[in-house]
Amino acid sequence: MAALLISDGTVVTLGESNRVLHGHDVLVEDGRIRRIAPRGQAAPAGARVVDARGKLVMPGFINAHMHFYSTFARGLGKAAPSKDFAEVLEHLWWRLDKALTLEGVYLSALVALIDAVRHGTTTLVDHHASPHAVRGSLDAIARAVGESGLRSCLCYELSDRDGAAIAEEGLEENAEFIRRCRAGGEPHLAALFGLHASFTLSDGTIEKAVRLARELDAGFHVHLAEAASDQEHCLAEHGCRVVERFHRAGVLGPKTITAHGVHLDAREVELLAGSGAAVAHNPQSNMNNAVGVADVPGMLAAGVLVGLGTDAMTVDMREELRAALWVRHLAARDPSAGFMETTSLLVHGNRRIADRIWPGLGLGELREGGAADVVLLDYDPPTPLDEGTFLGHLVFGLAGAAVDTTIVGGRILMEGKRLLLDLDEAEVAARSRSHAEALWQRF
Ligand SMILES: [Zn+2]
């Protein structure tokens, strides 16, 4: 791969100590950032040049909790209205995922991934379900990930909700895909062991999953106390709260990502912090499903690693960040509540979560030696932009800025808002539409 010079942009490094560097170049070689230097100082002859004048050059965004398969829910009006979260699952998601075939799994992922390229989200941690097409589903998603050029961490959401045979397939699908990732060769792919949620998992199935995950040295990706009903079910069936149940079973640990954590008591937050497990906060989904507001400040204060996911409400992390901030203000009835904490989920939390999945790549920051996952945004700041003002720009200005260029591992996936992928975007959308039409008939 020829050297790539991202020339004369405003470079925002993020990382532990963010730097805003006006008029700087970023030199990329072999998929890594070789140098960040003032304009002209790092330009080798023959480098491919991307002109970044008038643009912000920053790390690609990371989404800590995603469901690619939700693509086909867009515009689907057949689900009966739901009065609570349990009905949202029964009326919509558990009917949609059962209608998925492997072709649908692949197409829904490809659509979401192309959307992510367009929105500058370069790393996505997905959680997948297709109970009637379990085996091969993660390979189907992996094929779409490969075609998109992005990075993705995949898992299959193991559950007992569809009977023992499908649960067994879920165990095998996770284990096999983790082995495939361990075998290497595809640095853009990673895997966790997927679990749906406490209320759809028997003790026996969790035990089997923990045994397999331990053998494979894998963490879990699981929904945690998203609705109050998850806790009620756990107390009634297992005589303890959800975090206690997972903790005792060996699900928690520094490699595990738990999504939501909306209904946790103080002891559970302490257990989570002690275990090192991360929490992915998904505020737009929580508002949409009317399940409540996670106590993010409380979790952070206790030392829990909290990141930001979208639960498939969007692939745009800037949109999710704004929602996270507004709901924090509203929940606290305080317009100044939690600005630094909330922005830290995206800027720091997701970087640390990605570093656990892809150690040493330096995802979520621009640093010499780190992976060249870089996005360029159209942005001429109308007010002073420096380290002290960046977060204000991120929330109030950059959120609306167009993504011009998306680069992952030094490969340009989009430049000048034109996709440089080996696929035809319009053709993918047309295939997806016709597939969705048939799927909606089966729904
Ligand atoms: Zn989810």
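Buried residues have under 20% relative accessible area, exposed ones over 50%, and partly exposed ones lie in between. The model discussed here is predicted.

Q: Is Tyr69 buried or exposed?
A: The relative accessible area of Tyr69 is 6%. The cut-off for burial is under 20%, so Tyr69 is classed as buried.

Q: How many aromatic pairs are there, and which geometry does the pair of Tyr69 and Trp93 have?
A: The count comes to four aromatic pairs. In the pair of Tyr69 and Trp93, the ring centres are 6.2 Å apart and the planes stand at 80 degrees. Planes over 60 degrees apart count as edge-to-face, so this pair is edge-to-face.

Q: Which parts of the chain does the pair of Tyr69 and Trp93 link, and how many residues apart are they?
A: Tyr69 belongs to the loop between β6 (61-66) and α1 (85-96), while Trp93 lies in helix α1. The pair thus links distant parts of the chain, 24 residues apart.

Q: Which accessibility class does Trp93 fall into?
A: Trp93 has a relative accessibility of 21%. Because burial requires a value under 20% and exposure one over 50%, Trp93 counts as partly exposed.

Q: What is the geometry of the aromatic pair formed by Phe193 and Phe220?
A: The centre-to-centre distance is 5.6 Å, and the angle between the planes is 55 degrees. Planes under 30 degrees apart count as stacked and over 60 as edge-to-face, so the pair of Phe193 and Phe220 is tilted.

Q: Which residue lies over the face of Tyr106?
A: The residue is placed at 3.8 Å from the ring centre of Tyr106. It is Arg143.

Terms used: Residues numbered from 1 in each chain as written. Predicted model: local features only at pLDDT ≥ 70, side-chain atom pairs only at ≥ 80, totals over all residues. Heavy atoms only, no water. Phe/Tyr/Trp six-rings, centres within 6.5 Å; stacked < 30°, edge-to-face > 60°. Helix = DSSP H or I, 4+ residues; strand = E, 2+ residues; numbered from the N terminus. Buried < 20%, exposed > 50% of the residue type's maximum accessible area, 1.4 Å probe, protein only. Lys NZ or Arg CZ within 6 Å of the ring centre and 35° of its normal.
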